[in-house]
Amino acid sequence: MADSSTDTSQLQSSAPQITRTEFALLVGLTLLALVVRVFPASGLAVEHFDEGVYASNLLFPDDGYAFPARHLYAPPLVPSLIEWSIILCGSARWVPMLPSLVLGTASIPVLWWLSRRWFGGAAAIAAATLLTFSDYHIAFCRSALTDAPLLFFILASVGWIDRGLSKQSMWQCGVGGLAAGLAWATKYNGWLAVAIAVSGSAAAWLMGRLLLDRSGAVLANPDRTSTPELGQESRAIDLRGLLVGWCVAVVVAVIVWSPVWWGLQDRGGYAAVANNHRNYVGGWSEWLPSLQRHQAVQKHFAGWFTLLGVVLAPLSVAAVIRAERFTWNENGDSGDQEPLVSQSNRSPWNELSADDSREQVPTTSVVVVASAMMSASVLDPVIVMLIWPLTDWIARVLELRKSKDEVPGRTHWLGLWLCLAWIVGLALATPLYRPYPRLLMLFCGAGWIGIGSAIVRLLTGKLARNSLSPTRPLRRRLTIIIAALVLLLTVTQTARKGLPGNVARTDLADIAGKVRVAIQFDSKDGPSISGVRQLIYVFAEPGLLHHLAGDDVGLGPITDLKFADSNRPPEQLPTYLVAGPHAFANESFNREFKQVRDSLLPVANFKYRPSDFVLLDDVAPDQLTERRNQRVQVFRLVFGKR
């Protein structure tokens with residue numbers, strides 16, 4: 001299907017001008033995002049179990065440059081990006097994080113672009129501000145995991161599919177399918193991009209018929225065009241266009257992902273991956289405990305940067321709205337030309353009334369919203385991400401239903417339902433799995449967009465303009481007093497958290513260096529074969545394995561202790577076992593260790609304090625203290641002592 005044609009005035013209306021203020025804020029936020037994610041670079045190092053898997057593929061050339069069973073942890077895209085980062089940039093500790101740093105930072109302008117399509121420039125800047133300063137997102141950008149890249153591809157995919165469906169453009173649906181395929185090649189749940197787009201747009205088409213008293217209006221009637229002031233595309237969305245767009249996106253996504261599927265065939269196929277994933281499904285019986293765990297983790301990550309973001313978000317909205325109002329005087333006569341900035345694209349949730357003579361949002365409104373954001377960041381970020389967008393979505397739908405004249409433009413109507421499908425779907429599905437902190441990343445992506453739109457509504461709504469009028473000094477003073485108390489409470493709660501996203505995670509890397517020194521000293525008089533002087537077996541600690549790599553070392557990841565069986569012939573080189581927290585927490589390891597302990601001579605014992613980033617995979621935030629003291633032990637294999 002070809003792109004729908006539009007005349008010049010409609011194109012002007014559908015592509016509102018970006019003010020200098022908005023552009024400057026976006027550029028500034030993107031640069032700041034890079035700085036706060038990279039600094040301090042000295043604190044970057046592989047530590048997490050999965051990081052070690054993704055970052056160690058170059059150590060296994062005989063296995064196709066793939067860590068053993070790597071396919072069970074993730075598809076090959078991010079591990080391949082890490083491999084090329086190491087090849088091109090060297091083996092510095094920070095290099096494996098390069099894909100997450102780059103794609104995580106790039107998520108700021110992509111999130112802004114998607115949010116701007118749906119809810120306007122002010123809401124987009126608010127969402128970008130929240131993402132920029134999210135300690136939670138910062139932590140994952142400073143890792144070698146797949147979650148920050150996944151969010152980037154999901155945002156891009158949903159945005160392009162939405163754009164293609166809005167414009168009836170199949171090539172743009174194909175671009176969205178391409179991004180979905182890359183998301184799928186990043187993580188096995190990357191297909192959610194297509195699921196969000198299909199379910200959200202289907203709901204938009206269906207609810208347009210059921211909820212609006214105009215038989216779906218623009219959404220159903222192919223001959224009706226949207227009103228110029230709404231600034232939306234000119235042709236209606238029809239069911240046939242949706243079906244074709246969905247098919248294009250799905251087919252392209254499957255084609256892009258097919259090499260991953262093909263690569264699984266000699267490893268048990270996708271069934272092996274699915275069977276492994278079933279081990280992490282808790283089901284509905286674990287839904288509420290899992291949700292509570294995610295809530296606690298989000299509060300744990302609400303540090304100084306998060307607080308800064310929730311304070312700056314309403315301020316940035318106020319700045320963008322003011323700049324937009326000066327760009328186009330909505331009380332003036334625009335003559336024969338369409339306005340450069342359409343009203344719906346500036347504040348589509350709840351626009352300022354046409355007879356409002358003020359040129360900016362009242363200061364008291366900003367104070368109120370900033371106070372609400374601060375308290376929300378302390379009380380419960382997850383619930384706020386769900387409740388605020390849902391409340392505004394319900395209010396907007398009710399407004400459209402009551403309106404006799406307003407016809408919703410396609411982009412805005414699609415955005416409402418896509419965001420709803422995204423938030424509600426993941427809110428229901430995510431707690432069904434084991435509560436790994438990283439699983440909430442995609443939900444947060446939609447949450448930041450939803451909160452951004454809610455901030456605009458609060459700043460431009462009737463409550464803020466009337467009941468908190470600057471002409472009422474007593475209420476304004478009371479507002480400032482309450483805001484000061486909220487700030488005090490929030491700062492008190494935040495002070496003990498510091499910068500949880502920027503905490504150094506180098507202890508495991510430092511211990512690996514000590515392990516190498518201890519082994520070299522213990523085997524200093526030993527033989528060598530082709531330059532290799534020691535064999536080191538690492539039990540269930542890919543992070544340690546990654547840092548122990550060297551030209552003079554033979555490394556092997558193991559999941560049992562068969563190599564220490566006294567019935568096996570001895571190795572020709574000094575052989576060592578390195579065991580860490582995962583080993584000592586493994587029942588099978590402890591059982592086997594008792595059987596072969598006479599063959600393992602202790603060499604060194606190191607104290608290890610895992611970072612919160614790692615510990616939160618296994619325990620809730622209130623249990624971190626009791627799990628901080630771990631150990632890494634080194635044993636030398638000796639025979640004949642049984």
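**Strand pairing.** Pairing here requires at least two DSSP bridges between two strands. Helices (H or I, at least four residues) and strands (E, at least two) are DSSP runs, numbered from the N terminus. Within this pair, Val538 stands opposite Val578 of β3. I then checked β5 (residues 630-637): β3 pairs with it in the antiparallel sense, over 4 bridges. Leu577 has Phe635 in β5 as its bridge partner.

**Ground rules.** This is a predicted model, in which local features need pLDDT of at least 70 and side-chain atom pairs count only at pLDDT 80 or more, while totals for chains, interfaces and linings use all residues. Residues are numbered from 1 along each chain as its sequence is written, and side-chain values use heavy atoms, with hydrogens and water left out.

**Is β3 buried or exposed?** I found 5 of the 5 residues of β3 (residues 575-579) buried, so the strand is largely enclosed by the rest of the structure. Buried means under 20% relative accessible area, exposed over 50%, partly exposed in between (1.4 Å probe, protein chains only). Thr575, Leu577 and Ala579 cover one side, Tyr576 and Val578 the other, and all are buried.

**Val578.** I listed its contacts (heavy atoms within 4.5 Å).

**Core.** A nonpolar core is a set of buried Ala, Val, Leu, Ile, Met, Phe, Trp, Tyr and Cys residues joined through side-chain atoms within 4.5 Å. The largest has 149 residues. Val578 and Leu577 are among those with the most contacts inside it, as are Trp118 and Trp422. Helix α19 (residues 441-460) gives the most to this core, 12 residues. Apart from it lies another core, of 7 residues, among them Trp184 and Val260.

**Phe140.** I found Phe140 in helix α7 (residues 135-141). Its relative accessibility is 3%, so Phe140 counts as buried. Leaving out residues up to four places away in sequence, Phe140 touches Ser100, Leu145, Asp147, Ala148, Pro437, Arg438, Met441 and Phe613. Phe613 lies 473 residues from Phe140 along the chain, yet their C-alpha atoms are separated by 8.8 Å.

**Whole protein.** I counted 27 helices and 5 strands. Of the 642 residues, 56% count as buried.
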